[in-house]
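Thanks for coming, everyone. I'll take a few minutes to walk through one protein. Here it is on the screen.

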Amino acid sequence: MLLKAKEEKAQPSEYNVAVYTRGKSTSDPVYVNLSKLYSLVHLNVNDAAKCMGLSPTAFKNACRKLGVHEWPYRNIKKMERRRLIAQLQRKKKRDEKKKHK
């Protein structure tokens, strides 16, 4: 996949980045914008690229053009794990207090 530097304005604050497939000059470009990216943050970067029909490299380049320099999947998963651990620890403390009463 080849990323061309063509950006098109979609809505007042949202830009589309056009990504063209490498071997198919007649194919329509894939447009990537922030709202599409936000809908895919629950996936890892390879799966998100596959959903968009792009290679991981082209997907990452499009993300960088839009200002997303690091895919947030790992950070989101880390926060979810921390929240789950905290919930389990609170539940354990409550259960221990109930046993002692």
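Let me start with a question: are F59 and W71 buried or exposed? F59 is buried, and so is W71. Buried here means under 20% relative accessible area, exposed means over 50%, and partly exposed lies in between, with a 1.4 Å probe and protein chains only.

A word on the source. This is a predicted model, with residues numbered from 1 along each chain as its sequence is written, and side-chain values use heavy atoms, leaving out hydrogens and water. Local features need pLDDT of at least 70, side-chain atom pairs count only at pLDDT 80 or more, and totals for chains, interfaces and linings use all residues.

Now the overall layout. The protein has four helices and three strands. Along the sequence, the pattern reads β-β-β-α-α-α-α. Helices (H or I, at least four residues) and strands (E, at least two) are DSSP runs, numbered from the N terminus. Of the 101 residues, 27% count as buried. The accessible surface comes to about 7,800 Å², and 51% of that belongs to carbon and sulfur atoms. Those areas come from the Shrake-Rupley method with a 1.4 Å probe; for residues, only the protein chains shown count as cover. Next, contacts, meaning heavy atoms within 4.5 Å. Among contacts between residues at least 6 apart in sequence, 38% join residues at least 24 apart.

Back to F59 and W71. They form an aromatic pair, and the count comes to one such pair. The rule: rings of Phe, Tyr and Trp (its six-membered ring) pair if their centres lie within 6.5 Å. Planes under 30 degrees apart are stacked, over 60 edge-to-face, and the rest tilted. This pair is edge-to-face, at 5.2 Å centre to centre and 70° between the planes. The pair links distant parts of the chain. F59 sits in helix α3, W71 in the loop between α3 and α4 (73–100), and they are 12 residues apart.

Stay with α3. Which residues of α3 are buried? They are A58, F59, A62 and C63. Seen down the axis of α3, these fall within an arc of 140°, so they line one face of the helix. The arc is that of the directions from the helix axis to the C-beta atoms. Just after α3, G67 takes a positive phi of about 95°.

On to α2, residues 45–52. V45, A48, A49 and M52 are buried there. Down the axis of α2, the buried residues fall within an arc of 100°, so they too line one face. On the other side of α2, K50 and C51 are exposed. What covers the buried residues of α2? The cover includes β3 (30–32), α1 (34–38) and α3 (56–65). Now look at the two ends. At the start of α2, a side-chain oxygen of N44 reaches to within 3.1 Å of the backbone nitrogen of N46. Just after α2, G53 takes a positive phi of about 80°.

Next, two asparagines. N33 is in the loop between β3 and α1. N16 is in strand β2, residues 14–20. N33 has 9% relative accessibility, so N33 counts as buried. N16 is at 14%, so N16 counts as buried as well. A polar contact of 2.9 Å joins their side chains. By polar contact I mean a pair of N or O atoms within 3.5 Å; within protein, one must be able to donate a hydrogen and the other to accept it, and residues adjacent in sequence count only if both atoms are side-chain atoms.

Last topic: salt bridges. How many does the structure hold? Two. A salt bridge is a side-chain nitrogen of Lys or Arg within 4 Å of a carboxyl oxygen of Asp or Glu. One joins K77 and E80, at 3.4 Å from N to O. K77 and E80 are three residues apart in helix α4, so about one helical turn separates them. K77 is partly exposed at 29%, and E80 is partly exposed at 34%. D95 and K91 form a salt bridge as well, with the closest N and O atoms 3.9 Å apart. Both lie in helix α4, four residues apart, about one turn of the helix. D95 is partly exposed at 33%, and K91 is partly exposed at 44%.

That's my tour. Over to you.
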